[in-house]
Amino acid sequence: MSVLMLLAVIAVLATAAFFLARQRALAATKGNPRLLHSLPGYYGWYGAISVLAPALAALVLWLIVQPMVLEARISATLPAELVADPTAAELTMADVRRVASGLDTAIASGAINEADAQALATGSTDIRALLAESGVALAAEVSPEVLIAAQDYRARLHWGAAGRTAIILLVSVLGLFWGVTRARPDFRARNSVERVILALLIAASSIAILTTVGIVWSMVSETFDFFTKYPAKDFFFSLTWSPNFRGGSDLGILPLIWGTLYITVISMLVSVPIGLFAAIYLAEYASRPVRNWVKPLIEIIAGIPTVVFGIFALVTVGPALRDWFAEPLGLGNSGSSVMTAGIVIGILNIPFISSLSDDIINAVPQSLRDGSLGLGATKSETVKQVILPAALPGIVGAILMAASRAIGETMIVVMGAGAAAKLSLNPFEAMTTMTVKIVGQLTGDTDFAAPETLVAFALGMTLFVITLGLNIFALWIVRKYREQYE
């Protein structure tokens with residue numbers, strides 16, 4: 001039975017447990033819910049939880065443990081030269097899984113039968129032709145040992161699936177029996193259900209925290225591995241970025257930091273004034289019909305894919321800046337530039353700043369506006385001296401979100417700013433950012449243990465520290481200038 005079908009059966013049993021437990025609790029009091037400790041629905045939910053919790057826990061545990069046990073046993077049957085080191089073992093097991101999947105596909109399509117698949121156990125090579133007829137081609141270098149291991153893998157996998165089905169169904173039925181028999185008038189069903197809900201809430205919070213810890217740990221561990229192979233002083237203080245997998249690389253981060261910050265600053269100079277002024281107009285000056293039309297039109301920008309913005313930068317903005325400014329001023333002749341990427345990313349961030357700032361400004365109590373106007377302040381004075389200081393924390397948060405998105409943007413930078421890592425003050429020259437180089441160093445057929453690949457994690461860690469610094473700075477600004485009202 002497939003995992004999806006097993007989940008469906010568990011859901012059916014849980015539903016049955018809900019109604020049976022609820023009905024049993026009511027029957028014990030002859031239909032009078034006042035004699036129950038908890039509402040009847042709690043008894044039903046306890047029955048459903050008694051089925052779902054152990055069954056899903058057992059299923060998740062099985063799906064985690066089975067592949068590890070299965071691959072360990074298959075690896076033990078392979079020749080030593082095929083599993084000489086972890087990399088070779090992983091590649092061999094990938095071949096085993098691929099061949100096993102090909103056999104399942106061929107059997108499902110009717111190209112071969114189970115007897116033909118069993119021929120692998122005798123080392124038959126005719127199976128290659130049978131598989132090729134079904135569109136599943138095996139590489140010439142796949143050894144007979146891998147073919148035999150693939151058949152063993154299939155057999156163990158099928159037995160594992162059967163065992164999984166039997167155990168999960170047994171656990172589900174036992175849970176149903178337990179949940180229904182516990183539905184007695186004196187049973188504190190509400191307390192038990194609320195403890196389960198509390199545990200789920202704690203688990204959800206823990207997952208969020210552990211995810212962050214896992215991300216940071218993966219970055220830190222690989223970053224330390226990088227610094228054992230490349231000097232930290234050269235990484236942080238070198239002015240040249242020139243990776244070369246054949247040796248002699250210069251992996252200085254300063255040109256990438258400069259390009260990242262340069263593009264981010266230009267984008268913020270575009271998005272912050274426009275977005276903030278648009279938010280002030282929509283919240284304080286625009287009539288309701290104008291607001292109902294303008295705000296959705298601005299927010300449409302947020303739904304446009306970044307690759308479309310990249311095309312816009314490459315085809316429209318870049319050539320226009322080159323023809324109207326760069327070439328006449330003698331500052332360059334390339335359509336890919338920092339200014340191109342910065343302007344387009346700024347346009348991308350306008351709806352984030354505008355929409356969030358608009359919502360924050362509208363959340364300022366109307367009594368503050370009325371009090372300011374009642375004291376004789378003008379509309380503009382009220383906005384400047386009352387509303388904006390009160391909305392400052394939210395506005396800073398919107399600006400921080402826009403800055404984080406500008407720092408992490410990749411596609412627009414690739415298509416609008418180029419890939420040149422350099423230090424220059426000329427905004428009409430092509431430059432690049434850390435995110436672009438992270439993608440570049442981790443894609444393609446590269447050696448994962450090489451410094452030129454591990455440098456992507458050092459770049460990611462540096463980017464994380466920069467973003468963390470922005471958050472701390474924003475928190476300081478908010479605490480210093482925030483105004484509190486009763």
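Predicted model: local features only at pLDDT ≥ 70, side-chain atom pairs only at ≥ 80, totals over all residues.
**Notebook: rings, helices and a nonpolar patch**

I began with Phe-226, which is buried, with a relative accessible area of 0%.

**Entry 1, aromatic rings.** I looked up the ring pairs and found that the structure holds 12 aromatic pairs. One of them joins Phe-226 to Tyr-230: the ring centres are 5.6 Å apart and the planes meet at 20°, so I noted this pair as stacked. Tyr-230 has 10% relative accessibility, so Tyr-230 counts as buried.

Next I turned to Trp-258 and Tyr-262, whose aromatic pair is tilted, with 5.1 Å from centre to centre and 50° between the planes. Both residues sit in helix 9 (residues 254-285), four residues apart, which is about one turn of the helix.

I checked the span of helix 1 (residues 3-28): its 26 residues reach 37 Å from the first C-alpha to the last, close to the 38 Å expected at 1.5 Å a residue. I also listed buried residues in helix 1, among them Leu-6, Ile-10, Leu-13 and Phe-18. After the helix comes Lys-30, and its phi is positive, near 55°.

I did the same check on helix 12 (residues 338-362). Its 25 residues should span 36 Å at 1.5 Å a residue, and the end C-alpha atoms are 35 Å apart, which agrees. Where does helix 12 bend? I found a bend of about 35° at Asn-349, with a proline, Pro-351, following within four residues. I also noted that 18 of the 25 residues are buried, so helix 12 is largely enclosed by the rest of the structure.

The elements giving two or more residues to the patch are helix 10 (288-299) and helix 11 (306-326). Which helix gives the largest share? I found that helix 11 does, with five residues.

Note on methods:
Residues numbered from 1 in each chain as written. Heavy atoms only, no water. Expected span 1.5 Å × (residues − 1). Buried < 20%, exposed > 50% of the residue type's maximum accessible area, 1.4 Å probe, protein only. Bend = angle between axes of the 7 residues up to and from the residue. Phe/Tyr/Trp six-rings, centres within 6.5 Å; stacked < 30°, edge-to-face > 60°.
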